[in-house]
Amino acid sequence: HPFLEGDLNKDCKVDYMDLFFLQSCWLTDGNDCSENPYDADVFKDGFIDFRDFAVVGDNWQTCSWDCGK
């Protein structure tokens, strides 16, 4: 099944965990995020900023799979 844009940890939903990983690399190029195993550069422009936040926000609280329902 496809993952949603903004689903950084690939758990089939865009939620607080994705936001946590995004903020952990905020205003960097992503290479300085050794504690963050996920690619927070969602917009793919080489910088983690409001463009990436907007992608996460567009799919906020959305599931791409069963999500326990």
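## Basis and secondary structure

Helices (H or I, at least four residues) and strands (E, at least two) are DSSP runs, numbered from the N terminus. By this definition, the protein has 2 helices and 0 strands.

The model is predicted: local features need pLDDT of at least 70, side-chain atom pairs count only at pLDDT 80 or more, and totals for chains, interfaces and linings use all residues. Residues are numbered from 1 along each chain as its sequence is written, and side-chain values use heavy atoms, with hydrogens and water left out.

## Burial and contacts

Of the 69 residues in the protein, 35% are buried (under 20% relative accessible area; exposed is over 50% and partly exposed in between; 1.4 Å probe, protein chains only). Among contacts (heavy atoms within 4.5 Å) with a separation of 6 or more, 44% join residues 24 or more positions apart.

Cys12 lies in the segment before α1. Cys12 counts as buried because its relative accessible area is 9%. Between Cys12 and Pro2, 10 residues apart in sequence, the C-alpha to C-alpha distance is 8.3 Å.

## Surface and nonpolar patch

The accessible surface comes to about 4,600 Å² (Shrake-Rupley method, 1.4 Å probe; for residues, only the protein chains shown count as cover), and carbon and sulfur atoms hold 54% of that surface.

Tyr16, Leu19, Trp26, Leu27, Phe47, Phe50, Phe53 and Trp60 make a nonpolar surface patch of about 820 Å². Helices α1 (16-24) and α2 (50-58) each contribute at least two residues to the nonpolar patch. Trp26 is placed in the loop between α1 and α2, and Trp26 counts as partly exposed because its relative accessibility is 30%.

Patch residues have over 30% relative accessible area and no salt bridge; like charges are joined within 9 Å, nonpolar side chains (Val, Leu, Ile, Met, Phe, Trp, Tyr) within 5 Å. A salt bridge is a side-chain nitrogen of Lys or Arg within 4 Å of a carboxyl oxygen of Asp or Glu.
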